[in-house]
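Let us walk through this structure step by step, beginning with a term that will be needed along the way.

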Amino acid sequence: MTELNSNIQKPSLFQHGTLTRHQRWRLIKDNAAGKGVIIGGLSVIVAIVLIFFYLLYVVFPLFGDSDAESVAQYKVPEMQLGKTLLLAMEEQNEVAVRYTEQGQAIFFAVATGKTIRVEALNIPEGVQITSFAPGTPAKGVVAYGLSDGRAVVVKHDYKISYPNDVRLITPVIEYPLGKEPLLIDAEGHALEKVAVRIEEEITTLAAKTAANRVVLSSYAKEESMFDDEPSLEQTGSVLDSIAMDVDYLLIEKEHRLMYLASKDGHLSVYSISDKENPELLQHLSVVEKGRDISSLAFLNAEISLLIGDSSGLLSQWTMIRDDKNQQVMQLLRSFKVSDSAVVAINAEQRRKGFITADAKGNVGIYHSTAERELIKENISHSFPASLTQSPRANAFLLQTADNTISFWHVHNEHPDVSFDSIWKEVWYESYPKPDYIWQSSSASNDFEPKMSLTPLVFGTLKAAFYAMMVAVPLAIMGAIYTAYFMAPAMRSYVKPSIELMEALPTVILGFLAGLWLAPFVEANLVGVFSLFMIVPLGVMIFAFSWQKLPKSIRHRVANGWDAALLIPVIIISAWFAFAISPMIESLCFSGDMRVWMNDSFGIGYDQRNSLVVGLAMGFAVIPTIFSITEDAIFSVPKNLTVGSLALGATPWQTMIRVVLLTASPGIFSAVMIGFGRAVGETMIVLMATGNTPVMDLSIFQGMRTLSANIAVEMPESEVDSTHYRVLFLAALVLFLFTFVFNTLAELIRQNLREKYSSL
C-alpha cells in the first residue's frame, strides 16, 4: 500500500520539477501581477488616508485656541501732560499715541513706553477742553470739544520710510478740516459731548451743549477755480427738545444715523440723511431696569452698537427692517463678560471682533458673529482707564488707574469660525431674522463673513436627489430590459452605446445645460411636464394596440427586438407633448405657467434650477448605474432562470423573484456609485444651477453644492486665511460624507449578498 501511494505522488513531484520555461515565466508574471494588485490597492488606501490627514491639517487651525502674551509693562509716558483720553496704535505695533485732557498728543514706543514725540494741539488760548471723541478708528481722527462752542478736529498719521534699508515710522499730526477750530454752536455754549465722522467729501459733527441742545453740523468740501484749498460749506440743525440726558453721542460712518444714549439705558435713534431736518426713528430702552449703560461703542462697519452695562452684560444691537418695512433697533445677541461693569469696549478694525475691560481689570476678546469668547485674562487689579487694539488685532494696550500701561500680543487667527456659525442659523447684521447664509467675501473690511456650510450641504443633497430621481428609474429599468429581455444582437449595440455616454466630458454637459437646456426648459415648461404624462401614455396605447394585432404580424418581429418599435412612438409622443403644450398653458395656466405659479402659490422660477440640473446630471449618471446594473443582472447564473421557468414561473415572475434578488447587491452598488458621482459632480451644477446658496426645496430654484463652491472660490481665497480653511473644511465634509455613505452602502451590499447567495 505504501509503494502505491509513493507511485501516485511521484508524477506530481516530477511534473513540478519539470516545468517548462514558459510555465515558469507565466508563474512569475502571475505572482508579480498579484503583488502589483496588492501594492496598487494599498497605495490607493494610503493616498486616501493621506488626503484625509492633509485636509485635517489645513482645517485644524480653525478650531485652535486663541491666546494672549504679556510683552511689556511701563509707566504712562509724560503723565504730567494730563490724563489719557485715548490710546491708539499703528498697525506695525511699534508706535502708539496718547491724547490728553490738556490737548497734547504724545507718541511713544509701544514696546518700551519711550517718548518719541510730543505735540501740542491747536487749542486756542483762554478756551477749555470740555469733551473729546474719536472718529472712525481706521482714519485716526479725533475731535476736541471746547468751552466756547467750537471744536478742533485732529488726525494722527504715520509716515513710513526705509533709510539704510531699516523701517522708520514717523508720526505726524494733521488737521483735515484746518487748524482753526470749527464753530459748532452759534450761541457759544460749551460742548459737553461731541462726535465726528469724516469722509473724503463730507464731514459731520454733532455736539451736546451745556444748554442741553444737540447741534448737528455738516461740512461739504467745495472746489474753487481761484483757490487751491477747497472751502467748507456748513449746513446743520439743532435739536432743542431732548427728553433725556445725553451721556453718549455717536454718528455712524455713512452719516445717516445718529445715536443718543443716557446712562440709565435709554437710546434714541435719529435719521440724519437730511442734515437740516433730523428725524427721530425710535426711542427705546436697551438695558434691563436697575442697570446702567457703562460703555458704548460701534462694532466694525458701524452697523451695530455694542452696549456694556453695569452688570457685566454686553449686548449687540443693530438696525433692521421690520414686517412693516420700518427701521427698528433689534437685539442680536448678548455676552456675559463679567460680574462687574463693562467699562471699555474697543472693536477690531477689520473683523467683527471686539475687546472689553471690566471694572476689575479683566480683559476679554470676543467675536460677535461666531458668538465666541476667545480670550479672558486678568491684566490688572486697578480700574481700566483706556483700552485699544492694533489695527490688525494682534496686540492691545491697557492703561489702568495706577498709571501703568500693559502691552500684550494676541494670537487670534480665526475667531469668526465656530460650530454655531458653520451649522446653525445666525442672526447677521441688518438681517430681519436668523438664517443660514453663505457669503464668504467682499471687497470691504466692513463685510461680515457668512460661512454657513448648511446651505451648501443642502444644495449638494438636493442636486444629487433630483439627478437620482431622473437617472435611477431610467437606468435600472433599461438595464433590466437590456440584460434579460433584449435580443443578444441588439444588446451588442445598445450596451456599448450607453456606456460610451459616460465618456462625455461633464463640462460639455454643463455647457449644454446652461446655454441650451435651461432656456429651452424655461420656454417649454408645460411641454417638459407633459412629457411625463403623454410619453408613457403613448407607449401604453401602442403596447395595447400591438397586443391586439394578429400573431402573424407580431411574430414578424424577432423576440427581443420589440423595443426598437418604441423609438418612433417615443419620438412622436414627445413631439405631440410639445405641440399641445401652448394650448394646455393657455387653458390651464392663463398663458404663462411661471407667472401663474408665482401669483397663485408664490413659487418663483429661476432659469437655472433643480429641474435643469436633474435632467443634465441625470443624463451623466445614467451610464454608470446602467452599466453596473446590467452586468449584475446579466451575470445571474442561467440555471436559476431556467429552473424558475421550468417550474412554471413567467419571465416577469422569474425576473422579480429570482433575478433581481440575486443581482440586488450589484444593483445597490450601482445606485450608490451613481449617487457618489452625483454628490461629487462639479461642472454641471456649476454651470446649470445659477450657483446661488439658497435653501429651497422647490424644483424651480437653484442651489450651490460643496464641490461647485470649492471650485468657484478656492482660486480667489488667500492661502491660510479663514476663507481658505473653511473651503478645506467643506472638502473634508464632502470627503467624510462620501466615505461614511459608501461604507454603509458596502455593509448593506454585503448583507444582501449573504442573504441571497443561497438562491
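The model is a predicted one, and in it the phi of Ser430 is near 70°, a positive value in a residue other than glycine. Because its relative accessibility is 39%, which falls between the limits of 20% and 50%, Ser430 counts as partly exposed.

Asn403 is found in the loop between strand E28 (395-400) and strand E29 (404-411), and although Asn403 is not a glycine, its phi is positive, at about 65°. Asn403 counts as partly exposed, with a relative accessibility of 30%.

A further loop, between strand E10 (182-183) and E11, holds Asp185. Is Asp185 buried or exposed? Its relative accessible area is 1%, and since buried means under 20%, Asp185 is buried. Two polar partners can be named for its side chain: a polar contact of 3.0 Å joins it to the side chain of Arg213, while the backbone nitrogen of His189 lies 3.2 Å from one of its polar atoms. When neighbours within four places in sequence are left aside, the residues in contact with Asp185 are Gly149, Leu191, Thr209, Arg213 and Val215.

Two of these contacts, Leu191 and Thr209, lead on to a pair of strands, for Leu191 stands opposite Thr209 in E12. Strand E11 (residues 191-198) and strand E12 (residues 202-209) run antiparallel and are joined by seven bridges, and with three residues between them they form a hairpin. E11 is mostly covered, as six of its eight residues are buried.

The largest nonpolar core has 77 residues, and the members that touch the most others within it are Leu453, Val521, Leu525, Met617, Ile625, Ile633 and Leu729. What does Leu525 touch, if residues up to four places away in sequence are not counted? Leu525 touches Met593, Arg594, Met597, Tyr605, Leu611 and Phe700.

Notes:
Residues numbered from 1 in each chain as written. Predicted model: local features only at pLDDT ≥ 70, side-chain atom pairs only at ≥ 80, totals over all residues. Heavy atoms only, no water. Buried < 20%, exposed > 50% of the residue type's maximum accessible area, 1.4 Å probe, protein only. Helix = DSSP H or I, 4+ residues; strand = E, 2+ residues; numbered from the N terminus. Pairing = 2+ DSSP bridges. Core = buried A, V, L, I, M, F, W, Y, C linked by side-chain atoms within 4.5 Å. Contact = heavy atoms within 4.5 Å. Polar contact = N/O pair within 3.5 Å; in protein donor to acceptor, adjacent residues only side chain to side chain.
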